[in-house]
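The following paragraphs lead the reader through a structure, element by element. Please keep the sequence and the coordinates at hand.

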Amino acid sequence: MSRGFGAAGFGGGPGHGKLKFDDDELHSKISKQLLLRISKYFLPYWKQTLLVMIVLCVSAVLGLLPPILIQHIIDQALPDKNLHLLLLLVLASLGATVVSGLLGVLQNYLNSFISQNIVHDMKNQMYSHLQQMPLQFYSSVKQGEVITRMTSDISGIQGVFSNTIVNFASNLFILATTAVTLFIMNWKLTLLGIFVIPLFILPTRKMGNFSWKLAKKTQEKFSEQNEVIEETLSISGYLLMKLFTKEEAEYSNFKTINAEATNLQIRQSMAGRWFMMVLSTFTSIGPLLIYLYGGYLFIQGELTVGTIITFVALLGRLYGPVLQMTNLYVDIKRSAALFERIFDYFDMDPQIVDSPLALHINASGKDIEFRDVNFAYQQDKPALRHISFTAAAGTLTALVGPSGAGKTTITNLIPRLYELDSGAITIGGKDIRDFTLDSLRSQIGLVTQDTYLFNGTIKENLLYANPEASEAEIMDACRSAYIHEFIMELPEGYDTVVGNRGIKLSGGEKQRISIARVLLKNPPIIIMDEATSSLDTVSEYYIQQAMHVLLLNKTSLVIAHRLSTIMAADTILVVKAGAIVEEGTHDSLLKNDGVYRDLYNKQFEPKILS
Ligand SMILES: Nc1ncnc2c1ncn2[C@@H]1O[C@H](COP(=O)(O)OP(=O)(O)OP(=O)(O)O)[C@@H](O)[C@H]1O
C-alpha cells in the first residue's frame, strides 16, 4: 500500500525544508509543461500583461531619445548658435523624460496588479487544496512548513513577475533598440564597444554563482533560526524549555545561529561591494576606448563630438542590460523552482474524496458496523487487523485496551479521517464511502482528549459548531454540559477569551466546553475519547453528568478511561495490538477471566483508599 502524496511526499522530498535555495535549483530543467502551467496563472491577466510589454517597448525607445537629442544639441544647435533649435531639443528631451516617467508609473501599477492578483489566486487555491489534505498529511508535514508555503513561497511569486519577467523583457527591449541605434550610428565604434563585453560578463557570472551560494547559506541559517524560534517560543515548546530549564542552552544555541547569520549577511554585502569595484573598472574601459578611437576619428574629421558623447551615453544603455541579463538566468531558475515547489503541493493527492455517486446520509437510528477492517499507517505495520463489530443504534460502545492498541485509529476511520485498506465500515448497512464526506462528518460529533479551542471567546468557540445557534441554545447546551455556572462566574462570562488552544481553562473545563459544542451540533453519532488525566471528584462528577446528556439516545463509541463509562456501556470492545480480543458486557467479560479482567484489575477497579 502506498501512502505517497504526489511527487513531493511529506516533508522529506526535494523542495521541502529549506525553502528558498535548494541545491538542485540551478540544475533543474525548465520544462515546457512547467512554463505552460505557469502561464495559466497569467492568462486571466493577459490584457494587462500585453499592456506592460507595450509600455516596456515604448519606454525602451523613449530612453534613446535624450542621448540622441544631446547629439543634435552639440553638433547643430550649439555650433549654429541656433537658440530656437536648442530650446526645441531641450524641451523634446524633457518631454521624453516626463513621458518615460509616466509610463514607469503605469508599468509599476500594472506590475503590482498582475503579481498581487496571481498571489491572491494562488493563496486561495492553496488554502482550499490544503483543506482537502488528509489528517496523515498534517501529522507528517514539518511544523511551520505549511505556513512557509502559504506565505513566503507564494509571496515570492510576486517578485517573479515584477522582477524576473519584467526585467527580462525590459532589458531585451533596451538591448535591441540600443544595439540597432549604435550600429546605425557607427558600426566600427559599436564593435569596439561590444568587444569589451566578455571582460565583465565572466566576472559577473562568477559573482552571480558566488552570491547565490552565500544567499543560500544565509537562507539556511534563517530557516534554522526560525525553527528554533518556532520550537522554543511556541506554547508547548516554551513549557518544555521551562520545565527542563533549558533557557541557557537554548539562548546560547540561538545566539550562535544569530551570529552566523549576521556574519553571512555582512559577507554577502561586502562581496557585492568588491565586485562592483572590479566591475566599474571593466565597464569604464569601453567608454575609454570609444574616446580614444572616436577621438582619433574626430581628429581625422570623420566624426562629430556629439556622436562620441551620444555613443558613450548609449553604451551605458547597452552594458546595463547585458550585466543584468547575465545574472537573470539565476533569477529565472529560482522563479521556476519556486513555482515547482508550489506545484509540488498542488500535485499532492487529497486521497480521501467523495465518490462520484456519493449520497447524503442521515445516520439517525442506524447501526455502525465494522466488517473485517484492516488498516496500516505504514506499509507492513498493520495498526488494525480484522476488526469486526456492530455498534447498535442508540447504544454506547466502550473501547478499552492498552495504550497504542488502536482504539483511536478505530474511531478515526468512521469520519474517514483515514481511509481503511480493506474491509468496510457501514452505517445502516451502507458503506461510508458511498456517502458524501460533508454529510458523513455532519452526522458525527467528536470529543477528543486534547480539546482544541481556538484563541477567541467561549461563545465564538461554541458557535463554531452551529453558527446559527441562539443565545438561549448556547446556554442550554452549556447547562447540559454542566459548564454554564462556571462560565457565568467568569468576569466576562461567555465573552471570556480562552487563550491559545484554551490554555486559560483546565482540562475538565475544556472538555465540558467541547461537549457543549458537540451538543450544539447535535449529531446522531458521538465519538469520544475520555480524558485520561485524573480529575478531581467534582470535575469528574460534572463530566459524567455532561456525558450522560451528550450520549443520550445517540450511537456512541467511547474510548473509555473511567469505570463509570464501562459500567454504563452496552458493549465493551477490548482492543489489543490492533485486534479486538474480547467483546461483551462488563459482567460477562469479568467472568471470562481474560484480558479484560486483567485490564480491569490494573486500570479500572475502584481503589479503596485507606
Ligand atoms: N499518524 C500516525 N502515523 C503512524 N502511526 C500512528 C499514527 N497514529 C497512531 N499510530 C500508531 O498506531 C498504533 C495505534 O495507535 P492509536 O492511537 O490508535 O492507539 P490507542 O489505542 O488509541 O492508544 P492511546 O490509548 O495511547 O491513545 C500505535 O502503535 C501508534 O504508534
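Four strands make up an open sheet with the order 2-1-4-5, and their pairing is antiparallel. Strand 2 (381-391) and strand 5 (430-431) stand at the edges with a single partner strand each, so one side of each is left without a neighbour in the sheet. Helices (H or I, at least four residues) and strands (E, at least two) are DSSP runs numbered from the N terminus, and two strands pair if DSSP finds at least two bridges between them. This is a predicted model, in which local features need pLDDT of at least 70, side-chain atom pairs count only at pLDDT 80 or more, and totals for chains, interfaces and linings use all residues. Residues are numbered from 1 along each chain as its sequence is written.

Within this sheet, strand 1 and strand 4 (residues 422-427) run antiparallel and are joined by five bridges. One partner is N374, whose bridge partner in strand 4 is S422. Strand 1 (residues 368-378) also contains D372, which has a positive phi of about 50 degrees although it is not a glycine. D372 is exposed, because 12 other C-beta atoms lie within 10 Å. Here a residue is buried if 20 or more other C-beta atoms lie within 10 Å of its own, exposed if 12 or fewer, and partly exposed in between, with C-beta atoms placed from the backbone.

A further antiparallel pair is formed by strand 9 (residues 571-576) and strand 10 (residues 579-584), over five bridges. V575 has I580 of strand 10 as its bridge partner. The two strands form a hairpin with two residues between them, and A577 in the turn has a positive phi of about 45 degrees.

Which residues surround the ligand? They are S139, Y377, A383, G401, S403, G404, A405, G406, K407, T408 and T409, where a residue is near a molecule if its C-beta atom, placed from the backbone, lies within 6 Å of it. Helix 11 (residues 407-413) gives the most to this shell, with three residues.

The helices come next. Helix 3 (residues 83-132) has 50 residues, which should span 74 Å at 1.5 Å a residue, and its end C-alpha atoms are 73 Å apart, which agrees; the expected span is 1.5 Å times one less than the number of residues. Its buried residues are L89, Q107, L110, I114, S115, I118 and M122. Among the elements that cover them are helix 1 (32-42), helix 2 (46-77), helix 5 (145-185) and helix 10 (305-346), contact being counted if C-beta atoms, placed from the backbone, lie within 7 Å.

Helix 8, by contrast, is hardly covered: the count of buried residues among its nine residues is zero. T245 lies in the loop between helix 8 (235-243) and helix 9 (247-299). T245 has a positive phi of about 40 degrees although it is not a glycine, and counts as exposed because it has 8 C-beta neighbours inside 10 Å.

Helix 7 (residues 197-232) holds F210, which is partly exposed, with 14 other C-beta atoms within 10 Å. F210 and G272 are 62 residues apart in sequence and 10.0 Å apart in space, C-alpha to C-alpha.

Finally, the domain assignment gives domain 1 (34-186) and domain 2 (354-443 + 559-605), with bounds from an automatic or database domain assignment. Their centres, taken over C-alpha atoms, are separated by 60 Å.

Notes:
Contact = placed C-beta atoms within 7 Å.
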